[in-house]
Every structure is written in C-alpha cells, then in structure tokens.
Amino acid sequence: MELDFSRQLHYVWALLPEIILCVWGMGVLIAGVSGPAHRGEDHAVSEDPAFGTGSGLGWVSLVGLLIAAFFNGWLYTLDEVGRGAVVAVDDFRLFANWIFLGGAALSILISFTYVYRNRLQAGEFFSLILFATAGMMFMAGARDLMLLFLGLEVMSIAVYALTAFNRRDRRGAEAGLKYFLLGAFATGFFLYGIALVYGATGSTNIDTIAAVVSGGRAREGFLTLGIALMTIGFAFKVSAVPFHMWTPDVYEGAPAPVTAFMSVGVKAAAFVAFIRVFLVGFESVSDQWYPVLWWLAAITMVGANLMALSQTNVKRMLAYSSVAHAGYLLVAVAAGNETAAAGMLFYLLVYTVMNVGAFAVVIGVAHQGEERLQIEDYSGFGRKRPELAVFLTIFLLSLAGFPGTGGFMGKIYLLQGAAESNLWYLATILVLTTVASYYYYLRVAWYMWMRETTSEDQHDLVVTPLPMKAALIIAVAVVLYLGIFPSSMMEFARAGVEGLGALGGGLLGVHP
Amino acid sequence: MTLILEAIGYGGWALHALVWLPVLGMLLVLRSEEESAKHVAFWWSLGVFVLSLGLWWAFEPGWGGMQLASSTPWIPAWGVDYALGVDGISLFMVLLTTFTTPLAILGSYRYIGKRQRAFYALMLLLEAGVVGVFLATDVFLFYVFFELTLVPMYFIVGIWGGERRIYAAIKFFLYTAFGSLLMLVGILYLFMKAKTMLGVPTFALAELLQVPLSGTEQLWLFSAFALAFSIKVPLFPLHTWLPDAHVEAPTPGSVVLAAVLLKMGTYGFLRFLLPLFPVASQHPTVVSVMMVLAVIGIVYAAWVAAVQPDAKKLVAYTSVAHMGFVVLGIFALTLNGIQGGLVVMISHGLSTGALFLLLGMLYERRHTREIEAFGGVGRVAPLFATAFVITALASIGLPGTSGFVGEFLALLGTFETHPTIAIVASAGVIFAAYYMLPMVQKVFFNALEKPENREMEDLSGRELVILTPLVALMILVGWHPTPILERMEPSIEVVLERVEEAAAPVMEAEMLPGSETSHAPETAPTTSSETD
C-alpha cells in the first residue's frame with residue numbers, strides 16, 4: 001500500500017504501532033486503577049509472583065508490545081511517497097522500533113517480581129513503560145522537529161515518573177527529582193535549539209532544513225546556535241560527558257528494572273533521533289558540529305571509563321558503563337557514514353539485550369529489591385548459582401566487547417564506521433578505553449568466581465522467577481547468536497540506514 | 001599411513017576437528033560427573049592429539065604454502081572467512097599444543113582439588129582457542145581466537161591459582177588485551193586499505209599481503225602488531241606480567257602458558273609481522289631495537305632468575321630468556337635464525353613445560369617451592385632427579401638435547417648478520433647454566449639434611465607416563481632434528497622471500513635515516529627515490 005499523507009487517515013496507518021501502544025497503555029492504567037490492589041485488598045494471592053496480583057497486567061502489557069510489534073512488521077509493506085510528511089515510514093525507524101519494543105518487553109519480563117515484592121502499583125508501572133516506549137517510537141519516526149520534541153517529552157515524563165516510582169524509597173524520590181529538574185533544563189535547551197533552527201531555516205521539517213542548509217539559505221548565526229543547543233539536549237539524553245552528572249545518581253536511585261529500561265531505551269531513542277537530525281538535517285554543515293562531537297565522544301569514553309574503575313556499587317558501575325557506551329556510540333555519530341550508522345543500530349540492539357540481561361542478574365542478586373548492590377555481595381556467587389553467574393559473565397564480556405559475543409561484533413562495526421571516515425584517533429581512544437573497561441567488568445567476574453562467600457546463606461534468597469528466566473535465556477541466546485552469526489542482523493541494520501541520507505541519498509560521512 | 005589418512009578423507013576435516021573437538025569435549029566434561037571430569041578431559045584431549053598426529057603424514061614436506069586449507073564465508077559483509085590452513089610454521093605449534101594439553105591435564109590430577117569440571121572444561125576451551133590461533137588464515141578469525149584464549153586462562157589463574165592469583169590474572173589479562181586491541185586498530189587499517197584497493201572487503205591474510213603500504217604506514221602498523229605480540233612473547237620490558245602469572249597459575253596453567261601461549265607471540269611475528277610489513281621488519285633501527293631488547297631479555301632474565309629463592313619463579317624467568325632467543329633468531333632474518341627460533345619454541349615448550357610439571361610434583365609432595373627447603377632429594381627419589389636433570393640440561397641447551405639445536409641455530413643465524421649481538425647473546429647460554437645448575441644442585445644433590453625430604457616419594461606411574469614422552473622428545477629432537485627442520489624450511493623460505501622482495505623498495509630514503517647501531521649488511525647501499 002502506498003501512503004498518501006494528504007489524507008489524514010494515512011497518518012493513522014503510519015503511526016499504528018504507536019497508537020496501539022498508547023491506547024493499550026491507557027487500558028492497562030484503567031485496569032490497574034480498578035484492580036484489587038487499588039481497593040486495598042490483600043496483595044498476596046499467588047505464591048509465584050509471575051502469576052500473582054498485578055502480574056496479569058504485566059502479561060497484558062507484553063501482549064500489547066507484541067501487537068505493536070506485529071504492526072511494526074506490517075509497516076514494512078507500506079511505501080512512503082515523498083518525504084514531506086511529519087512521520088517517516090522507513091527501515092531506519094522500523095529497525096529502531098524493534099529495539100525499543102524488545103527492550104521494553106525484556107524490561108517488563110524482569111520487573112514482575114520486583115513490582116510484586118516492592119508493592120508497586122502494577123497498572124501505573126506497566127502503562128508508564130508502554131507510554132515511554134511509544135514516546136521513543138515517535139522520536140525514531142520523527143521527520144519533523146516538533147514530533148521529535150513531542151516524542152521526547154512523552155518518553156521523558158514517563159521515565160521521570162518511573163524513576164521516582166517507589167514512593168517508599170527516598171533515593172528513588174531524590175533520583176526522580178534530580179532527573180526531572182536536569183531533564184527539564186536540557187529539554188529547554190533542546191526546544192530553544194529547535195526554535196533557533198526554525199528561525200534560521202523557516203522550517204521544522206528535517207528534509208526541508210537539509211535543503212535550506214545545503215543551499216546556503218540558512219541564517220548562519222542562528223543555525224550554529226540552534227545546532228549547539230540541540231547538541232546539548234541530545235548530549236544530556238544520551239548522557240555524554242560532561243552532561244552525564246545525573247546518570248549515576250538516577251541509575252542508582254531508580255528501581256532496578258527502570259534503570260535497565262531507561263539505560264537502553266532512552267539512550268537508543270536519543271541516538272536514533274541524533275542520527276536523523278544531525279546526519280540528515282545538518283549534514284552539509286558537519287564541519288561546524290563535527291569537532292564538538294569528536295571531543296564529546298573522546299571525553300565521554302575516557303571520562304566514563306576512568307570513573308567506572310573506582311565504583312563499588314554495581315548499579316553505579318553499570319551507570320558509568322552506560323555512559324561509556326554512549327561514548328562509543330558517539331563515535332558513530334561523529335563518523336557519520338552509512339557503516340557507522342548501521343553499526344550504531346546493530347550496537348544499540350546488542351547493547352539493549354546485554355544490558356537488560358546484566359540488570360536482570362543484578363536484580364536477582366539484590367533479592368528483587370534494592371539491597372545488596374555492592375560488589376562484595378557478589379562474592380562466591382559463581383559457587384552458589386553457577387548458571388546465573390555464567391550468564392552475568394557472558395553479559396559482562398559482551399559489554400566489554402569480547403570475541404564470541406555480540407558486543408564484540410558491535411564494537412568492530414563501530415570501529416569500521418570510524419575507520420571509513422578516517423577517525424583513527426577516535427578508534428584508538430575507543431580501544432584503549434575498552435582495555436580500561438575490562439578491569440571493572442572483570443572485577444565483578446572475579447568477585448563471583450574467585451572469592452568465597454562471606455556467609456553460608458549468602459545467596460540462598462536469590463530468586464529468578466519464570467519471566468526473568470525467560471528474559472535471561474533470550475538475552476544470552478541473542479548475545480551469543482549475534483557474536484557468532486552476526487551476518488544476517490548486520491545486513492538488516494545496513495538495510496535500515498540505506499536511503500536515510502538527505503533527499504533519499506546515502507549518508508556521506510564526515511570528512512574532516 | 002598416508003593411504004589410511006586418504007581413505008578417511010583426513011585432509012578435509014582434520015583441521016576443523018582439531019579446533020572444534022576440544023569445544024565438544026568441553027561440553028562433555030561439563031556434563032560429566034565431578035569425579036570423572038578429569039578422565040574425560042584427559043582421554044578426550046589424548047584423542048585429539050592422536051588425531052593431530054595424522055598431520056605429520058598428511059603434511060607435504062616440500063611445500064611452503066598453506067596446506068589442507070579451506071575457507072567458508074563467515075561474515076560476508078566484512079569479507080571475513082572461516083579459513084584454516086597449516087604450514088611448516090604452524091604444524092609444529094599445533095602438534096605442540098595437542099601434545100602438551102593431555103600431559104598438562106594428566107599432571108593436574110592431584111593438584112586441582114576444587115571445581116574440577118569447570119577446570120577441565122576451561123583447559124579444553126583453551127586448547128581449542130590456541131589451535132585456532134595457529135590454524136587461522138583469516139586475520140579476523142585469528143584475532144578472535146587470539147583474544148578468546150584470554151578468558152579461560154584468566155579463570156584458570158584466577159580461580160585455581162596461588163595466593164596472589166587475582167592480581168596475577170587481571171594483570172595477565174589487561175597486559176595482553178592492551179596489546180591486542182591496538183593490533184585490532186592496525187588490522188582494521190589494513191582492512192580499509194585492502195578494501196579501497198581491491199574493491200571488496202576481505203580479511204584473508206593472502207589478500208592483505210597484496211596491499212602495498214608506504215614505509216611510514218608499515219612502521220606504524222608494525223608497531224601496533226609488534227606490541228601485541230611482544231607482550232605475549234614476552235619481550236623485555238613488557239615481560240612483567242609473566243612471572244606473576246606463571247608463579248600464581250596452577251601447574252597445568254603454567255605448563256600451557258609456557259608451552260604454547262607464549263608461542264602465540266613469536267608465531268605472530270612469523271605469520272603476520274614479517275610477511276605483512278617486510279619493509280619495517282628489516283629496517284635497521286627496528287631490527288636493532290628488537291634484537292637489543294631480546295638480548296637484554298636473555299641476559300637480564302638470566303640474572304634475575306639466578307637470585308630467585310622460589311624455583312617456579314626461577315623457571316618463569318627462564319621463559320623470558322628463552323623467548324629472547326626466539327626473537328633474536330626471527331629478526332636475524334636468515335634461514336638458520338628463524339629455524340633456530342622455531343626449534344627453540346618447540347624445545348622451550350617441551351623443557352619448560354616439563355620443568356613446571358616437575359616443580360608441580362615437588363610442590364604436591366612438600367607444599368613449598370623454596371629452593372632452600374630441599375636438598376639431597378636425588379638420593380630418595382632417583383627417577384625424579386634423573387628426569388629433572390635431563391630437563392634442566394635441555395633447558396640450558398646442552399648438546400644432544402633439543403635446546404642445543406635451537407639455540408645454536410638461532411645464534412648461528414644471528415651471527416651471520418649481527419655478530420656482536422650474537423656474541424653477547426651467547427653469554428646467555430652460559431648464564432643459563434649459571435642459574436639452572438645451582439638450583440638443580442641445591443634441590444637434588446647437596447646433603448640430605450631436612451627430615452621432610454627423607455620421605456619424599458619417587459615418581460609414581462602416572463608421573464612417569466607424563467614425563468617419559470617429554471624427556472624422550474627433548475632427546476630425540478636433540479639428536480635427530482632433520483625431519484622437523486625439513487618441514488619448516490619451505491615455509492620459512494616463503495617468509496624470507498617476501499622479506500627479500502621488499503628489500504629493494506626498502507632503500508627508500510625516507511625509510512633509512514641510517515642507523516649506527518645496525519650491523520645489517522643487506523641494508524648498506526642507500527638509493528634515494530621519491531618518498532610517499
């Protein structure tokens with residue numbers, strides 16, 4: 001079917017997955033409010049938290065994601081005519097949507113028991129995840145800065161709320177407030193940047209902006225300032241150094257499943273939008289922003305990896321690791337060619353799976369709560385729960401980019417992108433900081449395998465309910481599969497960025 | 001024999017089986033009972049060794065290129081192939097690996113008490129990785145295997161090691177990873193060059209060899225690759241991880257580390273460094289630097305070894321010295337030198353592997369490795385002493401043992417091009433006697449004073465089974481090295497031809513600032529031409 005955006009109805013087709021998610025989210029919300037938990041009835045109905053009170057809403061949310069995923073696949077059959085619409089229906093958006101949907105599904109799978117044990121409001125919790133996912137999908141599909149902003153806000157506000165979701169936890173409240181204040185500030189920058197870009201080019205449509213900018217008809221000063229402000233907004237959302245200050249506190253304070261969700265989803269959405277805006281809209285003035293991104297990438301990789309070295313709290317360590325990964329991904333944005341963009345998509349996919357997987361084990365070790373997050377708490381874990389420890393080791397090796405895992409292939413992909421644009425210094429910084437990262441990833445492994453438990457019953461209360469097991473097995477399978485047979489997914493990612501460039505061309509890449 | 005091999009189609013599947021059978025064995029070990037894990041691992045790895053023996057006959061001695069080669073696309077978009085092949089250089093490394101692994105496993109029967117299943121699974125995984133390193137003819141695949149060997153070794157040292165095991169494990173890991181990741185950038189650079197030149201992406205070594213590189217590029221890439229391999233060798237001053245890792249590792253870990261893991265570095269020199277960057281490899285400054293570092297390693301390690309109170313640490317330092325001879329021989333860039341280097345690699349694998357096994361047996365008996373704690377052991381354990389003395393003599397390089405053949409050839413090859421360095425290095429052979437013999441004397445001879453030593457058991461049957469083949473091979477290679485040398489020679493000629501071909505363009509003015517420290521005659525005439 002061909003999409004004809006002069007007819008309003010066709011917008012509905014183009015946005016069907018997002019619309020489904022929003023409607024589904026509202027349904028889950030209403031069901032949650034009218035459910036037994038809200039009427040003050042006893043919480044414990046079933047022994048198995050996977051099927052206890054509120055968990056029904058989790059399964060319902062998963063079904064919603066599945067339906068959205070189905071229609072996301074259906075969108076491949078639609079043809080986009082022209083690029084004048086507000087929303088893009090291209091492979092780039094659809095690939096990104098798979099990442100968001102997968103990340104959300106895995107996050108929901110690992111949060112069942114957590115929600116139950118900490119007596120969180122399941123309806124609100126799961127519906128917020130659905131709303132946030134819809135926001136991410138809007139961002140990926142935005143061909144207009146206004147829709148991009150809308151998506152950003154839908155996502156951000158849902159995630160702010162999720163961060164402070166556990167009302168009984170002070171650290172969560174603190175993290176939520178911190179995130180909200182700083183995030184609102186960054187959004188302000190971002191919106192102001194959009195306004196300036198509009199002032200400079202007379203349009204908020206990314207393709208029109210590209211045409212005006214490459215035609216030299218944009219007003220120089222406004223444009224530069226606008227790009228600078230938007231860079232700040234994006235840098236905050238992807239948590240690049242020096243805009244990362246909120247990350248460790250928020251990641252540590254937020255409920256662990258939420259941390260998992262936002263460390264993959266928010267980052268992926270911001271990067272996907274980053275690529276579209278900068279490599280399509282502002283490609284012809286890349287000499288202006290390229291040096292900034294080069295330095296952002298460099299200091300993010302160096303700073304985050306150095307700071308991660310001294311962390312003793314595993315959640316904080318993973319927070320800095322997530323900042324470090326933002327640095328690796330920024331290399332792709334700085335390189336700006338098709339290989340780099342495809343590499344970024346591939347890496348975001350792998351990162352989503354391995355990071356959620358790592359958080360799943362962390363939640364397990366933390367007894368489905370927020371205790372026992374220190375690295376010492378992992379002592380002797382390999383002895384007591386070898387299968388979980390093996391999983392975590394695989395995820396950590398993948399995060400470290402070790403051969404045999406998807407993380408390795410992703411890193412090579414990013415490095416190739418950097419190599420194509422001759423960014424050899426950035427590539428070298430990337431590998432050198434990777435060596436540093438080996439230390440803190442392996443430290444968890446050595447506590448697990450090379451130290452004895454501090455007390456006999458140390459890991460007896462570690463539970464991995466059925467949904468979490470499912471998430472872990474899926475994650476390990478994907479990480480290993482992409483590490484050993486990356487080919488088909490690589491082709492798929494490559495197809496996602498073909499024709500992405502301005503006016504339907506390919507991405508040219510940055511040539512410093 | 002050849003007929004049997006042909007009948008079963010040996011050449012078609014042997015190399016793949018050598019890489020993947022250990023992986024299969026690993027899974028079997030993981031599924032076996034805790035008590036029987038070691039037997040499964042031993043018999044399985046012995047089977048792999050028997051299988052690998054077929055290579056000796058399947059291998060065509062007169063041919064220097066890759067044999068039994070096969071290649072299947074792995075990641076087509078990047079031009080990565082799953083490509084294996086064997087030549088005269090890798091043949092012996094593969095055999096050494098498959099030979100030492102079962103012996104190391106058999107030698108660990110008493111040493112490894114806890115978590116046996118995991119241990120033997122990791123040993124087999126390590127074997128798969130190392131065999132993969134030696135067989136890969138695709139640079140990407142090589143890199144994957146090269147890195148993959150780190151993980152099992154990290155856990156072997158870290159879980160079953162001595163007191164400071166975690167420190168040693170992480171140091172080993174970070175040092176090696178640091179070098180290999182920089183090499184990865186170099187590999188990608190080569191890949192990009194090849195892609196631009198050939199139009200198609202490829203990581204195949206044979207294709208990458210076609211890429212013309214300017215002198216400056218060669219120097220940079222050479223540095224990146226040489227760093228990775230020199231850490232692995234280890235070349236002075238990058239050797240500091242080695243004594244830690246060796247001393248802390250459990251006996252089988254030390255054996256595999258010494259016998260094969262170090263060889264991955266010198267193998268990398270021969271397989272990648274010289275052929276890929278022939279101009280940089282014979283640049284007089286580069287050659288001088290490598291040789292001087294090797295000689296410093298030989299002399300320095302000998303002196304440090306001489307004062308070690310811990311016998312295992314002493315042997316660890318001898319590794320640095322022996323590997324120095326290998327590097328020396330390789331950078332002599334003569335047939336004798338490289339052949340010598342390869343024989344030292346084999347000989348060092350046998351003798352140092354055996355020494356670590358023997359020290360492990362001593363440790364199992366007395367729970368100490370302090371040289372002072374022993375004395376006169378030879379009187380109560382004559383077989384033990386005999387094995388130890390032969391091994392130590394092979395390690396020193398006494399004529400009639402494998403060590404002599406290797407070191408003699410390496411020094412001879414070095415003497416042809418760099419006489420001064422060869423003379424200094426020869427002193428290293430004398431130093432070897434200086435540190436090894438007093439240790440042997442203090443442990444096995446002298447007076448039998450300490451009562452604990454009186455009850456020392458002699459070698460058990462299992463221990464004899466481990467040591468006999470090792471000692472026999474040391475002597476066999478020492479007396480009759482020809483079958484080995486003739487199989488190596490064509491492949492070494494290929495490397496040398498490649499280096500010599502590049503000798504003409506090496507004379508570019510940019511490449512030759514004229515180094516005083518060099519004694520290389522082949523670099524004497526300097527004709528200037530346009531620079532890149």
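Mentor: B:Glu217 and B:Lys193 form a salt bridge, with their closest N and O atoms 3.0 Å apart; the term means a side-chain nitrogen of Lys or Arg within 4 Å of a carboxyl oxygen of Asp or Glu. Keep in mind that this is a predicted model, where local features need pLDDT of at least 70 and side-chain atom pairs count only at pLDDT 80 or more, while totals for chains, interfaces and linings use all residues. Residues are numbered from 1 along each chain as its sequence is written, chains are lettered from A and ligands numbered from 1 in the order in which they are written, and side-chain values use heavy atoms, leaving out hydrogens and water.

The pair ties together distant parts of the chain: B:Glu217 sits in helix 10 (residues 215-232) of chain B and B:Lys193 in helix 8 of chain B, 24 residues apart. (Helices are DSSP runs of H or I, at least four residues, numbered from the N terminus.) B:Glu217 counts as buried at 15% relative accessibility, whereas B:Lys193, at 27%, is partly exposed. Buried means under 20% relative accessible area, exposed over 50%, and partly exposed in between, using a 1.4 Å probe and protein chains only.

Now look across to chain A. B:Lys195 makes a salt bridge with A:Glu420 (3.2 Å, N to O), and the rule finds 1 salt bridge across this interface. Helix 8 of chain B gives the largest share of the side of chain B that touches chain A, 16 residues.

Key: Helix = DSSP H or I, 4+ residues; strand = E, 2+ residues; numbered from the N terminus.
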